Amino acid sequence: METSNYYLKLKKPSRAPSVWLFGPAWIGLYIIIFTSFGYVIYLYFRNIFPLVVFLPFILNLIFNFAFTPIQFRLKNNWLASVDIVLTVGTLLWALYSIYPYASWVSFVNIPYALWGIFATILQLTITLANRKN
């Protein structure tokens, strides 16, 4: 409840989605992430590709899972902005790296990448709108 109240009190652009959309969107995205990243983990432990291909997937998960505590527990929009940029950056790196080994992983994560880019723009806009002068 406190998390919801915090987000509702922030100044947001008119294009910000309703709060109810985040739950269903992330359920769908986490199904994609779990399935495709799980396959990447499987391939890595079968020595199909080197650590440099696997690393961005691990970093992406770390940054992805760090966002909510940073944004809603710490209530730190600036750090959340840095985190979400790192999340999208590691995702794009991951999708580029895995393409030669499992191109379907890159394609199936397009909705995650698009949502991430939209969320990054939204987060940066919210951060700037709520900065303290």
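1. **Ground rules.** Residues count from 1 along each chain as its sequence is written, and side-chain values use heavy atoms, with hydrogens and water left out. Because this is a predicted model, local features need pLDDT of at least 70 and side-chain atom pairs count only at pLDDT 80 or more, while totals for chains, interfaces and linings use all residues.

2. **Overall layout.** The protein chain has six helices and zero strands, giving the pattern α-α-α-α-α-α along the sequence. Helices (H or I, at least four residues) and strands (E, at least two) are DSSP runs, numbered from the N terminus. The C-alpha trace spans about 50 × 25 × 25 Å along its principal axes.

3. **α3 with α4.** These two helices pack at about 155 degrees, with axes 8 Å apart. Axes are lines fitted to C-alpha atoms, for helices over the stretch in contact, and angles run from 0 to 180 degrees between N-to-C directions. α3 and α4 are therefore roughly antiparallel (the label for angles over 145 degrees; under 35 is roughly parallel, 65 to 115 roughly perpendicular and the rest oblique). By class, their contact holds 18 nonpolar, seven polar and one charged residues. Here Ala, Val, Leu, Ile, Met, Phe, Trp, Tyr, Cys and Pro count as nonpolar, Asp, Glu, Lys and Arg as charged, and the others, Gly among them, as polar.

4. **α4 with α6.** The angle here is about 160 degrees and the axes lie 9 Å apart, so α4 and α6 are also roughly antiparallel to each other. Their crossing is left-handed, meaning that the near helix is turned anticlockwise from the far one by less than a right angle (clockwise would be right-handed). Among the α4 residues that meet α6 are Trp78, Ile84, Val88 and Leu95, and the α6 side includes Tyr112, Ile117, Thr120 and Leu128. Contact means heavy atoms within 4.5 Å. The α4 and α6 contact has 15 nonpolar, seven polar and no charged residues.

5. **α2 with α6.** With an angle of about 135 degrees and axes 10 Å apart, α2 and α6 are therefore oblique to each other. α2 passes α6 in a left-handed crossing. α2 brings Leu21, Phe22, Ala25, Trp26, Leu29, Ile32, Ile33 and Phe37 to the contact, and α6 brings Pro111, Tyr112, Trp115 and Leu122. By class that makes 12 nonpolar, no polar and no charged residues.

6. **The largest pocket.** About 550 Å³ of space lies in it. Of its 25 lining residues, Phe22, Trp26, Phe67, Thr68 and Phe72 are the closest to its centre. α1 (2-9), α2 (19-45), α3 (51-73), α4 (77-98) and α6 (110-129) each give two or more residues to the lining, which has 16 nonpolar, eight polar and one charged residues. On a 1 Å grid over the protein atoms alone, a pocket is an open set of points where a 1.4 Å probe fits, with protein on both sides within 12 Å along at least five of seven lines; lining residues have an atom within 4 Å of a point. Grid points are joined across faces, edges and corners, and the volume is the space filled by probe spheres set on them.
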